[in-house]
Amino acid sequence: MKNKNICKFISPSMPDTLSVSCFVLESNIETMSKKGILDEHRVILTVQGEGNFNIDDSKVQFSAGNLIFAFSGEIFSAECSEGCQYMYISFAGPRAESLFKRFDIGKSNRVFSGFDSMIPFWKESLSRASVQTIDLASESILLYTFSRVFGNLNERNSLISKIVEISEENFTDPDLSITSIAEMLAYNPKYLSHVFKEKTGSTYSEYLRSLRIKFAISLFDHGIDSVKNVAILSGFSDPLYFSEVFKKNIGVSPKDYKKRIDKS
């Protein structure tokens, strides 16, 4: 049997420099809570516990397995639960800016979830590194983590596409929810909710209601005048709730909307 070689060519290295100054496992609550201005960028992997990172005037919630970027010049501190741990790598240099641009990482896109599998890798790399190899270990971990962000983004985009596809095919089912979709796709409902909100800017419930209301409008426009029937056909099991949602989204009640159609 012939061997099948795998060869992937790499583009010439960018002349930009990337410097890594420290690789830390932080577990001291008092140290975490101290406020300071970052003089370098920081990529943080949360190991255990939960809390908030205070970055400038924003609170960034975290739990284990989150990957969070903080940037040079930002005011940083943490509010953590007892037993909380996180790891971070501080870095700087022109290549850092190139990497941020390449992977679309910035102040509006700094939090990534689903990095639990990276925790043992980071821990082992830090514990095994010596004074002579810590620079190599920390830089390699940093670059590998950036590459995993790209994979994470692709996974998220694929997930959003699947959620949208399932929703567009099944939104008239009153039992459809992010929980039922999570069961179909074998994902944690909280994770799917987080990914959907992060990528679209709205909650899944808001998105689903919007789909149903748009369909309800099309039914009214095509001559169905029973509010109860339109509600049921659009995926609302409760006509009164349907009327509330309709008025909140359209600005008028279903009955008033029908009157407008009748007059036109």
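**Around one tryptophan**

Leave aside the neighbours within four places in sequence, and W122 is in contact (heavy atoms within 4.5 Å) with F23, V43, L45, L67, M87, Y88, I89, I141 and T145. This is a predicted model: local features need pLDDT of at least 70, side-chain atom pairs count only at pLDDT 80 or more, and totals for chains, interfaces and linings use all residues. Residues are numbered from 1 along each chain as its sequence is written, and side-chain values use heavy atoms, with hydrogens and water left out.

W122 sits in helix α3 (residues 118-128). Helices (H or I, at least four residues) and strands (E, at least two) are DSSP runs, numbered from the N terminus. M118, I119, W122 and S125 of α3 are buried, meaning under 20% relative accessible area; exposed means over 50%, and partly exposed lies in between (1.4 Å probe, protein chains only). Seen down the axis of α3, the buried residues fall within an arc of 140°, so they line one face of the helix. That arc is taken from the directions from the helix axis to the C-beta atoms. An α-helix has 3.6 residues a turn, so residues three or four places apart point the same way. On the other side of α3, P120, S127 and R128 are exposed.

Now the strands. Seven of the eight residues of β3 (residues 41-48) are buried, so this strand is largely enclosed by the rest of the structure. Strands pair if DSSP finds at least two bridges between them. β3 runs antiparallel to β8 (residues 85-92), joined by seven bridges. It also pairs with β6 (residues 67-70), again in the antiparallel sense, over four bridges. L45 has M87 as its bridge partner in β8 and stands opposite L67 in β6.

The largest nonpolar core has 25 residues. Such a core is a set of buried Ala, Val, Leu, Ile, Met, Phe, Trp, Tyr and Cys residues joined through side-chain atoms within 4.5 Å. L67, F69, I105, W122 and F146 have the most contacts inside this core. At least two residues each come from β3, β6, β8, α2 (94-102), α3 and α4 (134-170). α4 gives the most, with four. A second, separate core of 17 residues includes L159, Y191, F196 and L211.

K258 lies in helix α10 (residues 254-263).
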